[in-house]
Amino acid sequence: QVQLVESGGGSVQAGGSLRLSCAASGYAGGYAPNSYCMGWFRQAPGKGRERVAAIYVDGGGPYYADSVKDRFTISHDNAKRLLSLQMTSVKLEDTAVYYCAAEPSSRRYCTRAEEGDFSYWGQGTQVTVSS
């Protein structure tokens, strides 16, 4: 089984920056160690969970939602098994609980994988953007 633990959430003023991290441990049986799609999702109050960005550990992507393109950067440190999301020029509408997710998959799968396609989730970390 894969365990994911997020950190780095908090409060930030609009226009500022914040970095989220997600530490992974464990493996899903039957899959190569780097054959994973890793993603960041977010859920604002009263809204559904939205895919923010994704990356394929064995080389693929990154893939971004239009709402965060050119502002957020997803990266993965394979040696540390650490997924990161660097958020810059944050906006009020970026306020949400952010979740990291993992799914053993192919690179092609990762380009379009949505919430229901991920089996493993972190507990979430709150990001609040104020004016």
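A salt bridge is a side-chain nitrogen of Lys or Arg within 4 Å of a carboxyl oxygen of Asp or Glu. In this predicted model, the side chains of Asp-94 and Arg-71 meet in such a bridge, with 2.7 Å from N to O. The structure holds five salt bridges, and a search of the whole of it finds four aromatic pairs.

**Salt bridges**

- Arg-42, by contrast, is buried, with a relative accessible area of 6%.
- Salt bridges link Arg-42, Glu-50, Arg-71 and Asp-94 into a network.
- The side chains of Lys-69 and Asp-66 also meet in a salt bridge, at 3.1 Å from N to O.
- Lys-69 counts as partly exposed because its relative accessibility is 39%, while Asp-66 is exposed, with a relative accessible area of 67%.

**Aromatic pairs**

- A pair of aromatic rings is described by the distance of the centres and the angle of the planes.
- Among the four aromatic pairs of the structure is that of Phe-41 and Phe-118, whose ring centres lie 5.3 Å apart and whose planes stand at 80 degrees, so the pair is edge-to-face.
- Phe-41 lies in strand β4 (residues 36–43) and Phe-118 in the loop between α1 (107–112) and β10 (120–121), so their pairing ties together parts that are 77 residues apart in sequence.
- Phe-41 and Phe-118 are both buried.
- Tyr-99 and Trp-121 form another edge-to-face pair, with 6.4 Å from centre to centre and 80 degrees between the planes.
- The pair of Tyr-99, in strand β9 (residues 96–104), and Trp-121, in strand β10, links distant parts of the chain, 22 residues apart.
- Tyr-99 is buried, as its relative accessible area is 14%, whereas Trp-121 counts as partly exposed because its relative accessibility is 25%.
- Ring pairs join Phe-41, Tyr-99, Phe-118 and Trp-121 into a cluster.

**Arg-49 and the rings**

- Arg-49 lies over the face of Tyr-99, at 3.8 Å from the ring centre.
- The charged end of Arg-49 also sits over the ring of Trp-121, at 4.8 Å from the centre of that ring.

- Glu-6 is part of strand β1, which covers residues 3–7.
- Glu-6 is buried but has no salt bridge.
- The nearest side chain of opposite charge to Glu-6 is that of Arg-49, 7.6 Å away, and a salt bridge requires a distance within 4 Å.
- The side chain of Glu-6 does reach two backbone nitrogens: that of Cys-100 at 2.8 Å and that of Gln-123 at 2.9 Å.
- Not counting residues up to four places away in sequence, Glu-6 touches several others, including Ser-21, Cys-22, Trp-40, Tyr-98, Tyr-99, Cys-100 and Gln-123.

- Cys-22 is found in strand β3 (residues 18–25).
- With a relative accessibility of 0%, Cys-22 counts as buried.
- Cys-22 and Glu-6 are 16 residues apart in sequence, yet their C-alpha atoms are 4.2 Å apart in space.
- Apart from neighbours within four places in sequence, Cys-22 is in contact with Leu-4, Val-5, Glu-6, Trp-40, Arg-81, Leu-82, Leu-83 and Cys-100.

Terms used: Residues are numbered from 1 along each chain as its sequence is written. This is a predicted model: local features need pLDDT of at least 70, side-chain atom pairs count only at pLDDT 80 or more; totals for chains, interfaces and linings use all residues. Side-chain values use heavy atoms; hydrogens and water are left out. Helices (H or I, at least four residues) and strands (E, at least two) are DSSP runs, numbered from the N terminus. Buried means under 20% relative accessible area, exposed over 50%, partly exposed in between (1.4 Å probe, protein chains only). Lys and Arg count as positive and Asp and Glu as negative; His and the chain ends are not counted. A polar contact is a pair of N or O atoms within 3.5 Å; within protein, one must be able to donate a hydrogen and the other to accept it, and residues adjacent in sequence count only if both atoms are side-chain atoms. Contact means heavy atoms within 4.5 Å. Rings of Phe, Tyr and Trp (its six-membered ring) pair if their centres lie within 6.5 Å; planes under 30 degrees apart count as stacked, over 60 as edge-to-face and the rest as tilted. A charge sits over a ring if NZ of Lys or CZ of Arg is within 6 Å of the ring centre and within 35 degrees of the ring normal.
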